[in-house]
Amino acid sequence: MVSAGHHGGRTAPAPAERYGETLFVRDTPERRRLELLQEVFDPHSVRTLERVGVQPGTRCLEIGAGGGSLARWLCGRAAPAAVVATDLDISLLDTVRADNLLPMVHDVTRDDFPAGSFDLVHARFVLNHLPERDRVLERITEWLRPGGVLVVESFSWFPLDSSPDARYRKALLRWGDLLRDTIGTDSRWARNYPSALARLGLRDLGARTVTEHLRGGTALAGFWELTVDMSKQQLIDRGYLTPREYEDFTALMRDPDFWDLAPALTQAWGRK
Ligand SMILES: C[S@@+](CC[C@H](N)C(=O)[O-])C[C@H]1O[C@@H](n2cnc3c(N)ncnc32)[C@H](O)[C@@H]1O
């Protein structure tokens, strides 16, 4: 019943639940996981945000702001303009000390903003988790003023497919399958971001995919260890991984002699 891979164009069954219900619950390990994610990926995101340009006065929307590090960065660059930082759960945004931060409980699939409200809209590791991702991309583009910039970022799974290490490959692919089957995550969609942005009529398109080497014992490995650990019970109880497969993966993530390519980060941007 469990398959490594994706739907290959078949109609996906309706997901059983939403992000945050039993997967990605905002508990203490999840907070730590988000910190590691920020530590590893913020330099890549900042490089792209600097490239598209964030100046004093840029009205920013940070969607699914999570731990808030990028909202904090945007606040520093865009002041005195407000940075609206949305999430289903904004509790971690309390630590962001910035007068121009506007935290907002807001579900990007349902809640709205007036058309043309923002100069910059950014979402990292959010759209891939939403089954209605194409519709959401369309909606968030409406929130940009003409000339405003959209920046989206998500994981691309492809480096896993060619991994020579079956333990590493299987654990992460199965974890991806669990997410797909439970909340409708698509970890293979982001490589097509540029085409999706082109279909929306955005101009000055750009895209970059970064594949980092993962070494056991590093922050990147710690992030993936915590990520799989978050779903340990479901992975084992629902037959995605055996306890042994789970333990093997954890050991690899702690072994400084283990090296492989991590899931890639795909970024894309375009102007309305
Ligand atoms: C993997 S975390 C990434 C957090 C942050 N964007 C980052 O990259 O550091 C995904 C975030 O999206 C939020 N999220 C998930 N579904 C959402 C929705 N429908 N509307 C708004 N935020 C959502 C989650 O609560 C979580 O904070």
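Me: What makes W224 count as buried or exposed in this structure?

Reply: This is a predicted model, in which local features need pLDDT of at least 70, side-chain atom pairs count only at pLDDT 80 or more, and totals for chains, interfaces and linings use all residues. Side-chain values use heavy atoms, with hydrogens and water left out, and residues are numbered from 1 along each chain as its sequence is written. W224 has a relative accessible area of 0%, and buried means under 20%, exposed over 50% and partly exposed in between (1.4 Å probe, protein chains only), so W224 is buried.

Me: Why is the pair of F155 and W224 called tilted?

Reply: Rings of Phe, Tyr and Trp (its six-membered ring) pair if their centres lie within 6.5 Å, and planes under 30 degrees apart count as stacked, over 60 as edge-to-face and the rest as tilted. The centres of F155 and W224 are 5.0 Å apart with the planes at 50°, so this pair is tilted. F155 lies in strand β5 and W224 in helix α7 (residues 219–229), so the pair ties together parts that are 69 residues apart in sequence.

Me: How do you know that F155 counts as buried?

Reply: Its relative accessibility is 9%, and F155 therefore counts as buried.

Me: What makes the charged end of R133 sit over the ring of W189?

Reply: A charge sits over a ring if NZ of Lys or CZ of Arg is within 6 Å of the ring centre and within 35 degrees of the ring normal. The charged end of R133 is 5.7 Å from the centre of the W189 ring and sits over that ring.

Definitions and conventions: Helices (H or I, at least four residues) and strands (E, at least two) are DSSP runs, numbered from the N terminus.
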